[in-house]
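I opened this entry to keep track of what I looked up in the model. The notes follow the order in which I went through it.

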Amino acid sequence: MKPPRTMPDKPQDRKRVLLRLGQYLSRHLGMVITALVLTVTSNLLALIGPALSGKAIDAIGSEPGGVDFSTVFYYCGLMLLFYAVSAILSYILSVLMIHLSQKIVYQMRQDVFDHLTELPVRYFDSHQTGDIVSRISYDIDTVNASLSTDLLQIATSAITVGGSLVMMILISPELVLVFAVTIPTSIFFTRYMVKKVRPLFRKRSMKLGELNGFVEEIITGQKTIKAYHQEETMIGRFDVRNKEAVDAYYMADYYGSMTGPSVNFINNLSLALISMFGAMLFLFGHISLGNLSSFVLYSRKFSGPINEMANIISELQSACAAAERVFRLIDEPPETPDLPKAQEISHVQGRVDLAHVKFGYDPSRVIIHDLNLIAKPGSLVAIVGPTGAGKTTIINLLMRFYDPDSGQIRLDGREIRQITRKSLRLSYAMVLQDTWLFHGSVFDNIAYGKKGATLEDVIAAAKAAHIHRYVMRLPNGYDTILNEDGMNISQGQKQLLTIARAMLLDARMLILDEATSNVDTRTEQQIQAAMRTLMEGKTCFVIAHRLSTIQNADTILVVQNGEIVEQGNHEELMRRGGVYANLYRSQFQ
Amino acid sequence: MKRLYPYLKPYLGRMTWGLIIKFTGSIMDLLLPWILSYIIDDVVPLRDVKMVLFWGGMMILCAVAALVTNVVANRMASWVAQHTTESIRHDLFEKISYLSCKQIDEYTIPSLEARLTSDTYNIHNLIGRMQRLGVRAPILLLGGIIVTLLLDWALALVLIALLPLLGILVYFVSKKGVPMYMTLQQKVDAMVRTVRENASGIRVIKALSKGEYEKDRFRQVNSQVVYWEKKAGVTMSLTNPMMNLLLNFGLTAVVAVGAWRVNYGLMQTGAILAFLTYFTIILNAMLSITRMFVMFSRGSASAQRIAQVLDTPQDLMQTHEAPQPSPYRVEFDHVCFSYQKKEDNVQDIHFRLKKGETLGIIGATGSGKSTLTALLMRLYDADSGRIFIDGQPIASIPQGELHQKFGVTFQNDVLFADTIYENIDFGRHLPKEQIRKAAECAQAMEFISELEDGFEHRLTSRGTNLSGGQKQRILIARALAANPEILILDDSSSALDYRTDSLLRRALRENYGETTTVIIAQRVSSLLHADHILVMEEGREIGYGTHEQLLESCETYREISQSQMGGDVQ
């Protein structure tokens, strides 16, 4: 049973998010300052360009034969110089920004991942893997895109707008009045677009996400769909989601694609107004031709960024939302730290006792009510009972993946909270129902739990787990890379590999939670035999539905509704004629 | 890219209109600086305020026309992209739905997923943007060049001389950059995989205290991603400053050459001014073309990946053979099969089942039990030997008809994010009573009725909100719901306790007596009463008969049976 999903996260204060982003930036303060200085300089240089070309054109004059060549060439030379320096600076700047943003991204990803390894198991039980993945990849990428482009864009825009305005006022304060018309237009337009487009883009991402989820689910279930000949039905359902996705895309585009032409329009409008008034001013002798040309160039530079701001603001908003999701994960409380007086445990005897343990994943739904059990050192304890009775939960408590709500669990007489988590967990070797193999060689997968395991060790473990022959038939033997898909590795073989992994451990106790449910019984018994020799004198906990698996157990615990209803060995329980005997007999009916 | 053409074809008319409208809009953009220079050079000297206002008005008119045409054309482009993508995605999904299991194994599931999602997004983006930028940028570029040629050919030549340089620049940078982005994508995949593994294996990682090790492992993939992102980014970021530099150099050259020509009375100063404005337009057009270039190479990679799937030849062709009357419902005639076409996974399997009979299959892990059912359902074709249903070779039965005969639960079968009712009905629109009956027989009613919303209870994807035993019971109900002719249960009761398992078997016997059943199990108790039991080892039959017969004849079976049930049942 999975615990219920946690409540949806509360939105964080936007200022705090920005502040924390700022903290990441401030670790590279030197680079940030250099970047800002470079931005300012290269933009100022680019701004000087039009002024120089204006001067050059003025020097040309408008009469044939009247060109002042030395002045023209002087300014042309200056233009070349300024443009070259500006280009070099902007290249250095973008390289610098790539390095800066990648440093931040690296740090952020590592922070998220490091935190991930410290989160309690509960977090993973209640959050979808896809969601965690999307935080560490897409969300951080969004933050990154915004950090590396928008910040500079804002700096550039501010400088360009400010600088252009100053230059234009210097050239002709009267002409600047034109912007009294165009700036309010663009502000009005920007606001309108932000309001209109944002929910559309949000919807578009949502619909694409839904389509993704559907596709993942359906393709994974291909075989089943084929077997029931439901391809048509699924195509029909896909079409509905596909249509929703492309429609949402279209709607976002419908309004979104207005931005470009509109920005262009406002620029053109400025140009038209400037031409008219500029021409008039020229007629009345208020402005020279060269100045008019510089003014036109500046005005083009001026209007662009103002409208760009619309895009940047909405991008920043999505970056903030993404950063919020990232920080929320980093802020998730980690596993409670070990108590200060917690001790390392070594030389475990293997005596485990539980006294009046009460636990529920959700405080309102208690799974284990009042559990008492004693496992003597070296005994084999089997836990049986119907599904949902809380068997796996007991394992979760023994390993301290969860802590009980009340009651005590002791290892060798010591309350397990007084033991460091690391040493507690390492004293068990655990094999779970859900096999876990990672993308890596067979060798790495088996040797995972033991540092410095040799090939001989691994082969010995694989032989004991009866998987050696299978491995030898793989194309590269123990060096074969295990791939989730495209390999015809059966569920049972996966279980054997994880058993081999557990066999390599030096643990003093063993937990098998349905570890061999997909393995045939003969192999299972051979493995158990091998394991028992390996684990001679060590305590074992076994959960299994197949009663044959556990018949030889020293103690069989029958769990029902979170309580132990019967306890004893096979013969005792059979004689008793209770729940266990019923379960056992039912296999012959 | 060629493969996409048929999808665009129905919209060619619309696209053409869109392009014409876009073309008009771009001309308007080009007219503006022309008018500007006309005002300054020809109207101003006339000192006629009315004329200035008139031409200024014309400029505003042009600006409005440019706005309207561009918005309309953009929307038409989005419309075309929307409809094209919809049908490409539909066809791709349909094709994938009908791929054979062998073909799916070859492509692998994650790769097919990526083709349906990110690759189709890329195409959507590409079609939309190509129509928008693809017309505008070249028109602005070409138009800009033509207008400048008309304005003054000598200055225009300065400009044209730059173009090959720009082309070379774009070519080399993209040639270096695009493969880098492909490597980057692989590194990102590795990073995502590491995170996935950590989320799914958290218990094992914690149990073995491998947190620090995993941090290191992530540090490696993380720095790989960062390394390639930097490398690709730095390479690509060369384009912009270089282009700006080249064009600005050209601009300077225009001023210098212009000065010379004005001096000789070959042109007027206003033209230089207009030239500078055109330069900005041409610069922007060039930048768009660069971006398009990158987009196009990325898009064509996606198009290739999509086309590859669409062009996969149909597997598992239907043969035409007349059925021969046969008393048997299911017949396996010396069947051999291998997944990798190297070592046989199933070898010389031979059995016959009559209507209503039950076959139990038992055998070691990896002995080929599940493969047999996959062959029976023709998810794969046997390499040699034949399989018949009611005397008809399965290769001659249309896939749909064949699959409708079956009810099946696979090992690790899937539940979908839908209600329990829908998961059992599974799009077949079965009568309500039949679903209820199936749920009852599968022993699922017991917990369904305890749920507040009963059958309407929503499952999460893969049924993660149910326990193992509950999942199996819903899957069995799904298999039973349509009263199948043949029922296949592959290790589908492993999570059921013995009591529930035996109740299930009794219900099957009582309610589905007509159904021919194939049960794969590890528990002898699940097979005990089967009419025939097949014992398998390494793909071969090592025993066949009833429970009693096998106890006599098959040593392996006897061992299994004794180990599980002790001496109680001889």
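**Interface.** I began with the contact between the chains: 141 residues of chain B are in contact with 137 residues of chain A. Contact here is defined by C-beta atoms, placed from the backbone, that lie within 7 Å. I then asked which element supplies the largest share of the side of chain B that touches chain A. Helix α3 (residues 49–97) of chain B does, with 24 residues. By class, that side of chain B has 64 nonpolar, 53 polar and 24 charged residues. The classes are Ala, Val, Leu, Ile, Met, Phe, Trp, Tyr, Cys and Pro as nonpolar, Asp, Glu, Lys and Arg as charged, and the others, Gly among them, as polar.

**Provenance and confidence.** I noted that this is a predicted model, in which local features need pLDDT of at least 70 and side-chain atom pairs count only at pLDDT 80 or more, while totals for chains, interfaces and linings use all residues. Residues are numbered from 1 along each chain as its sequence is written, and chains are lettered from A and ligands numbered from 1 in the order in which they are written. The model scores are ipTM 0.77 and pTM 0.73. For pLDDT, the predictor's confidence in each residue from 0 to 100, I found a mean of 84 in chain B, with 97% of its residues at 70 or more. Chain A has a mean pLDDT of 80, and 90% of its residues reach 70 or more. Residues 1–11 of chain A have pLDDT below 50, and this stretch has 15 contacts in the model beyond near neighbours in sequence. Where pLDDT is low, the predicted coordinates should not be read in detail.

**Helix pair α3(A) and α9(B).** I looked up helix α3 (residues 69–118) of chain A against helix α9 (residues 239–263) of chain B: their axes come within 9 Å and cross at roughly 175°. Axes are lines fitted to C-alpha atoms, for helices over the stretch in contact, and angles run from 0 to 180 degrees between N-to-C directions. The crossing makes α3(A) roughly antiparallel to α9(B). Angles under 35 degrees count as roughly parallel, over 145 as roughly antiparallel, 65 to 115 as roughly perpendicular and the rest as oblique. The residues in contact include A:F69, A:F73, A:M79 and A:Y83 of α3(A) and B:L245, B:F249 and B:V255 of α9(B).

**Helix pair α10(A) and α2(B).** The axes of helix α10 (residues 259–283) of chain A and helix α2 (residues 12–43) of chain B come within 10 Å and cross at roughly 0°. That makes α10(A) roughly parallel to α2(B). A:N268, A:L271, A:S275 and A:A279 in α10(A) meet B:L32, B:L36, B:I39, B:I40 and B:V43 in α2(B). This contact has seven nonpolar, two polar and no charged residues.

**Sheet of chain B.** Helices (H or I, at least four residues) and strands (E, at least two) are DSSP runs, numbered from the N terminus. I found four strands of chain B in an open antiparallel sheet, in the order β2-β1-β4-β5. Two strands pair if DSSP finds at least two bridges between them. Strand β1 (residues 330–337) pairs with strand β4 (residues 384–389) of chain B over five bridges, in the antiparallel sense. B:D333 stands opposite B:R386 in β4(B). B:E331 stands opposite B:F388 in β4(B) and opposite B:R352 in β2(B).

**Sheet of chain A.** In chain A, four strands form an open antiparallel sheet in the order β2-β1-β4-β5. β2 (368–375) and β5 (414–415) of chain A each have a single partner strand, so one side of each lacks a neighbour in the sheet. Five bridges join strand β1 (residues 352–359) to strand β4 (residues 406–411) of chain A, running antiparallel. A:D353 stands opposite A:R410 in β4(A). Helix α12 (residues 391–398) of chain A lies across β1, β2 and β4, at about 115° to β1(A).

**Domains.** The bounds come from an automatic or database domain assignment. Chain A is divided into domain 1 (21–171) and domain 2 (352–586), with their C-alpha centres 57 Å apart.

Note on methods:
Contact = placed C-beta atoms within 7 Å.
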